[in-house]
Amino acid sequence: MTKELFKQAITKFLLGLVTMGLLLFLPAGTLHWGDAWLLIALLFVPMFLAGLVLMARSPELLRKRLNAREREMEQKKVIALSGLMFLAAFVTAGLNFRFGWIVMPRWTVWAAASVFLLAYALYAEVLRENAYLSRTVEVQAGQKVVDTGLYGVVRHPMYAATLLLFLSMPLVLASPLSFLILLCYIPLIVMRIHGEEAVLAQGLEGYTAYMQRVRWRLIPGLW
């Protein structure tokens, strides 16, 4: 662990926390929104704890996760569109709470929170299984194909976990309109996976054979 890595991690964590708070509470017009505080706790408390574990046990993986600068133009487009998607979804959720457009039953919020935590656990397992898990699409020096555990079930378990995470977020906020907006994540992640597999098949030895062994990309039995 280095002071620079610690500073970078804390800065990004606090920036994400403040940004999300602004996107939720400003449109809501109040801080008295329990579901927003619930989502912030569900998202940032495990994130903080996971960051501490990575900093202590695998600082190199943490450094990779903090690097979000894509090189491929198509992937830059996916990241930009994803940012706009989240902006629209969170602002819409805040406005939905403020004006009471659609009221959802409380059980849906708690069910979505349970799914969110399950998805977070899957995400943590993916981090444990794959030390090459960068946030950018690239082939790293010395990288090898990981084909055990969740990677023996689907080729992109991290994206499967984020799909559950992102689609449960708007339901934790009791905002079905935001859920509809975040459905846009599906074509975006399909686009990202196609681009990522093209890069890996070309530059990572054994990845083409892995694609033949593990049929499903994201959801077993579906795609």
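This is a predicted model: local features need pLDDT of at least 70, side-chain atom pairs count only at pLDDT 80 or more; totals for chains, interfaces and linings use all residues.
**Helix pairs**

Two packed helices are described by the angle between their axes and the distance between the axes.

| Helix pair | Axis distance | Crossing angle |
|---|---|---|
| Helix 1 and helix 4 | 7 Å | about 35° |
| Helix 2 and helix 3 | within 6 Å | roughly 130° |
| Helix 6 and helix 8 | within 11 Å | roughly 165° |

Helix 1 covers residues 3–28 and helix 4 covers residues 73–99. Helix 1 and helix 4 cross in a right-handed way. On the helix 1 side, the contact is formed by Met20, Leu23, Leu24, Leu26, Pro27 and Ala28. On the helix 4 side, Leu87, Phe90, Val91, Gly94, Leu95, Phe97 and Arg98 take part. By type, the residues of this contact are 11 nonpolar, one polar and one charged.

Helix 2 and helix 3 have axes that come within 6 Å and cross at roughly 130°. Helix 2 is therefore oblique to helix 3. Helix 2 contributes Gly51, Leu54, Met55 and Arg57 to the contact, and helix 3 contributes Pro59, Leu61 and Leu62. Sorted by type, these residues are five nonpolar, one polar and one charged.

Helix 6 spans residues 157–172 and helix 8 spans residues 185–203, and their axes cross at roughly 165°. Because of this angle, helix 6 is roughly antiparallel to helix 8. The crossing of helix 6 and helix 8 is right-handed. Tyr159, Thr162, Leu163 and Phe166 of helix 6 make the contact with Tyr185, Ile186, Ile189, Arg192, Ile193 and Glu196 of helix 8. Seven of the residues in this contact are nonpolar, one is polar and two are charged.

**The nonpolar core**

The largest nonpolar core contains 62 residues. Within this core, the residues with the most contacts are Leu24, Trp33, Leu39, Phe90, Phe116, Met169 and Leu173. Several helices supply at least two core residues each, including helix 2 (34–57), helix 5 (106–129) and helix 9 (207–213). Which helix gives the largest share of this core? Helix 6 does, with 10 residues.

Leucine 39 shows how parts of the chain that are separate in sequence can meet. Apart from neighbours within four places in sequence, leucine 39 is in contact with Met20, Phe90, Phe116, Met169, Val172 and Leu173.

Phenylalanine 13 is part of helix 1. Its relative accessible area is 16%, so phenylalanine 13 is buried. When residues up to four places away in sequence are not counted, phenylalanine 13 touches Phe44, Met47 and Phe48. Its C-alpha atom is separated by 28 Å from that of glutamine 143, which is 130 residues apart from phenylalanine 13 along the chain.

Phenylalanine 44, one of the residues touched by phenylalanine 13, lies in helix 2. With 7% relative accessibility, phenylalanine 44 counts as buried. Not counting residues up to four places away in sequence, phenylalanine 44 touches Phe13, Gly16, Leu17 and Met20. Phenylalanine 44 and leucine 14 are 30 residues apart in sequence, and their C-alpha atoms are 9.5 Å apart in space.

Alanine 113 is in helix 5. Is alanine 113 buried or exposed? Alanine 113 counts as buried, at 6% relative accessibility. With residues up to four places away in sequence not counted, alanine 113 touches Leu42 and Val172. From C-alpha to C-alpha, alanine 113 and leucine 173 are 9.5 Å apart, although 60 residues apart in sequence.

Histidine 156 lies in the loop between helix 5 and helix 6. Histidine 156 is buried, with a relative accessible area of 4%. Its contacts, leaving aside neighbours within four places in sequence, are Ile193, Glu196, Glu197, Tyr207, Arg217 and Leu218.

Alanine 174 is found in the loop between helix 6 and helix 7, and helix 7 covers residues 176–182. Alanine 174 counts as buried at 11% relative accessibility. Most residues other than glycine have a negative phi. Alanine 174, a residue other than glycine, has a positive phi, near 60°.

Conventions. Residues are numbered from 1 along each chain as its sequence is written. Side-chain values use heavy atoms; hydrogens and water are left out. Axes are lines fitted to C-alpha atoms, for helices over the stretch in contact, and angles run from 0 to 180 degrees between N-to-C directions. Helices (H or I, at least four residues) and strands (E, at least two) are DSSP runs, numbered from the N terminus. Angles under 35 degrees count as roughly parallel, over 145 as roughly antiparallel, 65 to 115 as roughly perpendicular and the rest as oblique. A crossing is left-handed if the near helix is turned anticlockwise from the far one by less than a right angle, and right-handed if clockwise. Contact means heavy atoms within 4.5 Å. Ala, Val, Leu, Ile, Met, Phe, Trp, Tyr, Cys and Pro count as nonpolar, Asp, Glu, Lys and Arg as charged, and the others, Gly among them, as polar. A nonpolar core is a set of buried Ala, Val, Leu, Ile, Met, Phe, Trp, Tyr and Cys residues joined through side-chain atoms within 4.5 Å. Buried means under 20% relative accessible area, exposed over 50%, partly exposed in between (1.4 Å probe, protein chains only).
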